[in-house]
Amino acid sequence: MSSVAFNSICFDSGCFWKIQDVVKISKARKQNGGKLFVNCSLNSKMQTSQKTVRIGILGASGYTGSEVLRLLANHPHFGVTLLTADRKAGQPIASVFPHLGTQDLPDLVAIKDANFSEVDAVFCCLPHGTTQEIVKGLPKDLKCVDLSADFRLRDTSEYEEWYGQPHIAPDLQKEAVYGLTEILRDEIRNARLVANPGCYPTSIQLPLVPLLKANLIEHRNIIIDSKSGVSGAGRSAKESNLFTEVAEGICSYGVTRHRHAPETEQGLSDAARSNITISFTPHLMPMTRGMQSTIYVEVAPGVGIEDLYQQLKTSYQDEEFVVLLEKGIVPRTHSVRGTNYCLINVFPDRIPGRAIIISVIDNLVKGASGQALQNLNLMLGYPENTGLKFQALFP
């Protein structure tokens, strides 16, 4: 048998693995009674040792941290060398997330004990309000994608207004680049610190930014009705997130004061080159994942629904993760579950001069960890889709 690298299949457990030379093949045969397969743990360790970019995940015990880990398991270049979780320090990740126990991952450590000389880039998955100080203290040569809200708002006084505490890293805020990948690709490519967008703002801006840039919709009377799965509220224990509080019902929250409103208005105003104020109401749905934004807009004079559709088609025809559906097809959250896709479509309202735009994403992937990985791929010169080629889990 040739010593050329080849692919094989671990038939007993369904995993795929690569092996580089005939010596390893011979060892694998001996260990498995002459059969040419190895177990998943050997596969995981071999793949990790071959990865070239060392990744740290700060706040690995939350939903976004665990989702980054799930995605990185399929990334050929990024290997995890640091996991932090202050309250879980000293524990293996499997004690927090058993579904990640098949991966060869380091134990959790407190941030104060983290050795940042062992990482090349970090995903910061910490709660808002705690991230600024941590990111401020990171080595200046580290690439960082921050999944909190701490660096999304350019105006630090606006941050204080909406998040109830002063911004302690205003100089660093000036360096941060907003990470809506399909819209700000060139800026993200050259960034050191990227502020990953919120889930609601992602689902809203992706369909609206191209239409505002093309002056196809009015800046006034933009009404957004958004619905999210419960995972969007994070993993911490909250009475309002108990099963008995959420199941068999729907609940509006953050009415007129949701913190994603100023972030969304910032991006829409940039696109329109004019101040835009939206009417935005989010709702909690009795589901784990998924997000839908139903957006009501007034079209500009002389503009029809077909113009909106064609503009979105032109804007996203070369994008892998933003998909304009065929006319008449209604986007469904089931169609994006576990993926980095955003599905969009536009419909005529019964009221003349108005249009209805529907956008769906997985709030934990395109709305958080998937977009973060897409951004880090871009920042480090890898294809944006690396580690993200998941199809939806359905049914």
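This is a predicted model: local features need pLDDT of at least 70, side-chain atom pairs count only at pLDDT 80 or more; totals for chains, interfaces and linings use all residues.
Good morning. I begin with a pair of strands: β11 and strand β12 (residues 279-284) run antiparallel to each other and are paired over two bridges. Within that pair, Cys251 lies opposite Leu284 of β12.

Seven strands make up an open sheet, and their order is β11-β12-β10-β13-β16-β15-β14, with mixed pairing. Which strands stand at the edges? They are β11 (251-252) and β14 (322-324); each has a single partner strand, so one side of each has no neighbour in the sheet. Helix α8 packs on this sheet and touches β10 (223-228), β12, β13 (291-298), β14, β15 (342-348) and β16 (354-361). The direction of α8 makes about 35 degrees with that of β13.

Before going further, an overview of the chain. Its secondary structure amounts to 12 helices and 16 strands. The chain has 395 residues, of which 51% count as buried. Taking the contacts with a separation of 6 or more, 68% are between residues 24 or more positions apart.

I return now to α8 and its helical neighbour. Two packed helices are described by the angle between their axes and the distance between the axes. For helix α8 (residues 199-213) and helix α11 (residues 305-316), the axes come within 9 Å and cross at roughly 105 degrees.

Glu218 is located between α8 and β10. Is Glu218 buried or exposed? With a relative accessibility of 18%, Glu218 counts as buried, because the cut-off for buried is under 20%. Leaving aside residues up to four places away in sequence, Glu218 touches Glu298, Val299, Ala300 and Pro301.

I turn next to another sheet. This open sheet of seven strands is ordered β5-β4-β3-β6-β7-β9-β8, and its pairing is parallel. At its edges stand β5 (108-109) and β8 (177-178), each with a single partner strand, so that one side of each is left without a neighbour in the sheet. Helix α12 (residues 365-379) packs on this sheet, where it touches β3, β4, β6 (121-124), β7 (143-146) and β9 (193-195). The direction of α12 makes about 160 degrees with that of β7.

Let us look at one pair of strands in this sheet. Strand β3 (residues 53-58) and strand β4 (residues 78-84) run parallel and are joined by six bridges. Across the pair, Val53 stands opposite Phe78, Ile55 opposite Val80, and Ile57 has Leu83 as its bridge partner. Both strands are mostly out of view: five of the six residues of β3 are buried. In β4, six of the seven residues are buried, so the rest of the structure largely encloses this strand.

Seven of its 10 residues are buried, so α3 is largely enclosed by the rest of the structure. Those buried residues are Gly65, Ser66, Glu67, Val68, Leu69, Leu71 and Leu72. What do they pack against? Their partners are β3, β4, β6 and α12.

I close with the cysteines. A disulfide is a covalent bond between the sulfur atoms of two cysteines. How many disulfides does the model have? The count comes to zero. Cys124 is in no disulfide, and the nearest cysteine sulfur, which belongs to Cys144, is 5.4 Å away. Cys124 is also buried, with a relative accessible area of 0%. Cys199 likewise counts as buried, at 12% relative accessibility. Thank you for your attention.

Conventions:
Residues are numbered from 1 along each chain as its sequence is written. Side-chain values use heavy atoms; hydrogens and water are left out. A disulfide is a pair of cysteine sulfur atoms within 2.5 Å. Buried means under 20% relative accessible area, exposed over 50%, partly exposed in between (1.4 Å probe, protein chains only). Axes are lines fitted to C-alpha atoms, for helices over the stretch in contact, and angles run from 0 to 180 degrees between N-to-C directions. Helices (H or I, at least four residues) and strands (E, at least two) are DSSP runs, numbered from the N terminus. Two strands pair if DSSP finds at least two bridges between them. Contact means heavy atoms within 4.5 Å.
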